[in-house]
Amino acid sequence: MAEYGHRPDPDKLLELAAREKRGKLTVFLGAAPGVGKTYTMLQRARRLKEDGVDIVIGLAETHGRSETAELLEGLEVLPRKQIDYRGRPLEEFDLDAALARKPTVLVLDEIAHTNAPGSRHPKRHQDIEELIWHGIDVWTAMNVQHLESLSDLVTNITGVKVRETVPDIVIKRADDVLLVDLSPFELIARLKEGKIYLPGNAERAAEGFFKPENLTALRELALRRTADRVDDQMIDLLRQNAMEGPWASGERLLVCVGPDSLSEKVVRTASRLASGLNARWLVVSLTNASTAGMDVAANQRIDKILDMAERLGAETRRVIARDFVEEIYRLSRRENITQVVLGRPRGKAFSNPFRRSLPDEVMKRLTDVGVHIVTGSEEDTAYVAPPPQRRSRIELAKSIAIPVLATGATTLLGLGASNIVHLQNLSMLYLVAVILSAMSSGRFAAIIAACLSFVLYNYFFIEPIHNLSIAKPHQLFSLIIFLAVALMIGDLAGRLRDQVARSRNQAKSTQALYEFSRKLSGTARLDDVLVAGATHLHATLETGVVILLPEDDELLLQAAWPPDMALDSTDMTAARWAFDKNERAGHDTATLPQISWQFLPIVTSHGVAGVTGISMADHSGSLSENEDRKLMAILDQTAIAIDRALLMRENAKTAALQESEKLHTALFSSLSHDLKTPLASITGAVTTLRQLGGKMKQSSRDDLLLSIEEEAGRLTRFVSNLFDMTRIEAGTLKVKSSPVDAADVIVSAIERMKRLKPGIAIDTSIATDLAVVSGDSGLLGQVLFNLLDNAAKYGGDSPIAVYAKNDAGRVVISVTDQGKGIPEKDLDRIFEKFYRRVKSDGRAAGTGLGLSIARGFVETMGGTIKAESPAIRKRGTRFVISLPTFEKAGGETASR
């Protein structure tokens with residue numbers, strides 16, 4: 001155990017924080033019926049009601065006791081739920097009504113009760129767990145005889161088998177356990193007075209269960225269990241408050257179990273031992289490496305034993321080992337085990353003196369660890385493997401025909417060879433026949449082949465020939481040795497065949513899982529991942545599969561195979577339970593076991609991502625261990641793929657948000673600069689004109705009016721660019737394919753530019769036979785103007801060059817400036833919205849939308865645009881536009 005000094009134990013603090021979010025469970029524990037558990041519980045409920053606490057009676061069993069029934073008066077009692085079972089109504093606790101009412105405290109008697117078929121949960125303690133999970137404090141009552149770890153001990157004490165049990169972990173997790181105690185003599189007196197059972201039942205109880213020795217033993221169990229609980233609470237308080245105290249010794253138990261009936265007794269004994277020592281305990285199932293996975297019934301039996309151990313609070317593990325003693329030794333060292341618990345069946349009259357006893361060998365090997373031996377009774381029997389599945393007629397005929405043919409062919413071969421040469425070791429041929437039979441049809445065929453070889457070899461090759469008698473004693477010895485060797489070789493060859501078959505099946509499963517993983521690794525979309533997971537599970541389990549994922553706080557069906565699978569409201573309740581509680585629900589589980597679906601949570605690194613449903617309608621019984629192992633492997637791979645797809649979706653959203661934020665920032669920056677500057681100029685000019693009026697010279701007035709006109713035009717272009725960019729991104733920009741004289745558009749754009757900037761120098765070279773392009777003249781003119789405006793901003797005082805020519809059925813137009821040029825890494829970025837080459841204080845005028853709009857217009861007309869830099873003498877930038885030519889109806893290209 002870790003030493004924390006004066007620092008609180010973090011695990012206990014986390015546990016305390018988790019409990020604050022849940023309701024609290026209080027258990028009124030008694031040694032036997034009639035001690036007053038329900039009476040005491042209702043008395044406290046009345047006092048709590050008088051104090052103004054919202055307390056409701058969910059269910060209280062008075063068993064006809066008038067003084068207990070009187071305590072219910074004045075308390076709110078929930079109506080019971082009617083459940084029809086085999087034609088007769090049963091009254092049960094209404095869980096949904098309690099959740100809808102949601103009081104502060106709910107009294108729910110008899111936690112060990114088994115609910116009627118058709119209820120949401122098979123056991124009442126599961127109803128209580130759901131109530132606590134929803135934040136409702138629950139009071140309940142039970143007798144110590146119903147604790148699962150004590151059920152067999154109580155049976156030995158009283159002779160009465162306890163049928164309804166509660167897992168010990170439920171009581172261990174309770175927030176408070178209150179002991180309701182009464183001495184055995186007072187309890188017997190109450191029984192005789194008729195305060196526990198009716199007279200007839202009371203007499204039978206006094207003769208059986210209610211004996212002083214029985215009640216004293218049960219009282220001792222209740223007192224010990226309550227004392228253990230108080231000790232646990234004390235240690236928790238010490239750890240949570242970092243108080244020094246007498247810490248537990250840190251005992252840890254290792255419990256070894258198998259498929260035999262004694263293992264249940266071993267687990268229960270270990271549970272009591274661990275509870276008494278306040279120790280953690282590990283239950284291990286040891287399986288021989290050569291037989292692992294061979295016996296399905298044994299595996300199912302071990303599964304049940306391990307499930308029971310988990311319910312009692314143990315950690316469980318499966319281990320495959322060749323040497324059990326050495327594996328137990330390694331586990332003891334690695335897990336810091338202080339005590340080992342083993343079972344030993346009662347010895348038989350004729351035991352094998354050469355077989356090692358596991359308990360004896362463990363005690364020899366573990367000299368510094370305590371070893372507890374749980375002895376079995378006459379009722380405890382060793383596990384016997386079920387008989388092998390009956391062969392089909394074809395398999396049976398094959399198992400007989402192959403050895404008959406093999407031994408017959410060997411006999412004919414031996415007879416033919418004997419006529420040519422004398423053979424000393426003819427029996428070796430028959431061994432080959434035995435091996436071939438074993439490899440072809442298994443051990444049964446090998447046994448038949450060995451027996452036939454024994455008879456045929458004796459009849460045809462051992463004197464006297466053609467007679468089954470043996471003349472010489474040494475030949476009898478040789479024949480017996482031959483039969484023994486043949487049987488052993490046949491058995492070994494048959495085992496090898498079975499192992500090869502299992503290895504082949506495992507290889508197929510591994511290959512299928514590998515192919516599935518590879519398929520998922522190349523799948524990025526969530527929908528494709530879900531469909532792939534559903535189809536692969538369907539192919540593996542040969543049953544219907546559904547996958548549900550949360551969407552807007554609702555669990556929705558996202559994928560199914562076959563696609564027509566559907567779920568009703570009860571199925572969805574089980575699916576939501578599996579999602580919320582991160583545990584299996586539905587068929588063959590503790591929650592809604594009567595439905596035909598079993599739901600399993602899909603757990604990723606970020607928690608439960610969804611739920612997988614397996615249809616059990618066409619499946620015989622429960623999932624086998626092999627099927628369950630395949631299912632969990634597939635779900636693990638699917639969970640990883642879902643996690644990756646969800647992360648990619650979130651990354652895409654994040655990238656989109658970042659890009660949007662970036663665009664918004666650039667837009668606001670552009671608005672603040674490109675709107676504020678011209679507006680300031682216009683406002684200043686208008687203010688000057690208004691204040692000075694006629695006092696100004698005409699030339700000054702004309703300058704101010706020209707400034708207003710230029711800045712208003714600049715604002716108009718800015719707003720126009722924003723409008724054009726909006727149309728491009730929204731996809732509302734429509735272009736009609738019509739003939740456009742590119743030369744005229746170029747000349748018009750140059751003239752417009754010269755009117756805006758009279759001193760600009762533009763060199764033009766346009767081919768005389770320039771073809772007519774297909775597009776929109778207005779959009780093309782705007783593109784050329786934007787390129788000329790960009791060249792004027794960044795080209796300095798050098799002239800701008802505009803060229804146009806025909807090139808392989810297209811028209812190519814280039815606009816070149818002689819400025820500083822553009823770095824190669826930024827050639828693609830200049831077409832992005834709001835991108836500018838001049839930063840901060842050297843910022844050029846403009847919105848950063850011109851080139852982006854130019855690219856949008858050109859691509860809309862079916863053309864391309866690109867930037868090249870350097871363009872002339874290691875300086876400058878060239879923008880090249882390529883547009884398709886306009887073709888006439890006859891396929892000819894139109895020209896000027």
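The following legends describe close-up views of a predicted model.

In this predicted model, local features require pLDDT of at least 70 and side-chain atom pairs count only at pLDDT 80 or more, whereas totals for chains, interfaces and linings use all residues. Residues are numbered from 1 along each chain as its sequence is written, and side-chain values use heavy atoms, with hydrogens and water left out.

**View 1. The parallel sheet that contains strand β6.** An open sheet of 6 strands runs in the order β3-β2-β6-β7-β1-β8, with parallel pairing. Strands (E, at least two residues) and helices (H or I, at least four residues) are DSSP runs numbered from the N terminus, and two strands pair if DSSP finds at least two bridges between them. β3 (76–77) and β8 (176–180) stand at the edges with a single partner strand each, so one side of each lacks a neighbour in the sheet. β6 pairs with strand β2 (residues 55–59) over 4 bridges, and I55 stands opposite V105 in β6. β6 also pairs with strand β7 (residues 137–143), over 3 bridges; here V107 stands opposite W139 in β7. Strand β1 (residues 25–30) and β7 pair over 6 bridges, with G30 opposite N143 in β7.

**View 2. The two faces of strand β6.** In a regular strand the side chains alternate between the two faces of the sheet. Both faces of β6 are covered, with V105 and V107 on one side and L106 and L108 on the other, all of them buried. Buried means under 20% relative accessible area, exposed means over 50%, and partly exposed lies in between (1.4 Å probe, protein chains only).

**View 3. Helix α5 and its surroundings.** Helix α5 (residues 124–133) is largely enclosed by the rest of the structure, because 8 of its 10 residues are buried. These buried residues are R124, H125, Q126, D127, I128, E130, L131 and I132. After α5 comes G135, whose phi is positive, near 90°.

**View 4. The salt bridge between R120 and D96.** The side chains of R120 and D96 meet in a salt bridge (2.1 Å, N to O). A salt bridge is a side-chain nitrogen of Lys or Arg within 4 Å of a carboxyl oxygen of Asp or Glu. The pair links distant parts of the chain, 24 residues apart: R120 lies in the loop between β6 (105–108) and α5, and D96 in helix α4 (residues 95–101). R120 is buried, with a relative accessible area of 19%, whereas D96 is partly exposed at 40%.

**View 5. Further salt bridges.** The whole structure holds 20 salt bridges. One of them joins R365 to E326, the closest N and O atoms being 3.3 Å apart. R365 in helix α14 (residues 358–365) and E326 in helix α13 (residues 324–334) are 39 residues apart, and the pair links distant parts of the chain. R365 is partly exposed, with a relative accessible area of 33%, and E326 is partly exposed at 25%. E868 forms a salt bridge with K866, with 3.5 Å between the closest N and O atoms. E868 is partly exposed at 27% relative accessible area, and K866 is partly exposed at 46%. D54, E76 and R101 are linked in a network of salt bridges.

**View 6. The largest nonpolar core.** Of the 43 residues in the largest nonpolar core, L788 and I881 touch the most other members. A nonpolar core is a set of buried Ala, Val, Leu, Ile, Met, Phe, Trp, Tyr and Cys residues joined through side-chain atoms within 4.5 Å. At least two core residues come from each of α23 (742–756), α24 (777–794), β22 (800–807), β23 (810–817), α25 (850–860), β24 (864–868) and β25 (877–884). The largest share, 9 residues, is supplied by α24. Not counting residues up to four places away in sequence, L788 touches A749, I750, M753, I762, I800, V802 and V815, contact meaning heavy atoms within 4.5 Å. A second, separate core of 34 residues includes L131, V138, V144 and V177.

View 7. L396, I400, V404 and F444 make a nonpolar surface patch of about 310 Å². Patches are made of residues with over 30% relative accessible area and no salt bridge, with nonpolar side chains (Val, Leu, Ile, Met, Phe, Trp, Tyr) joined within 5 Å and like charges within 9 Å. Accessible areas come from the Shrake-Rupley method with a 1.4 Å probe; for residues, only the protein chains shown count as cover. Helix α15 (residues 393–418) gives the most to the patch, with 3 residues. V404 is found in helix α15 and is partly exposed, at 41% relative accessibility.
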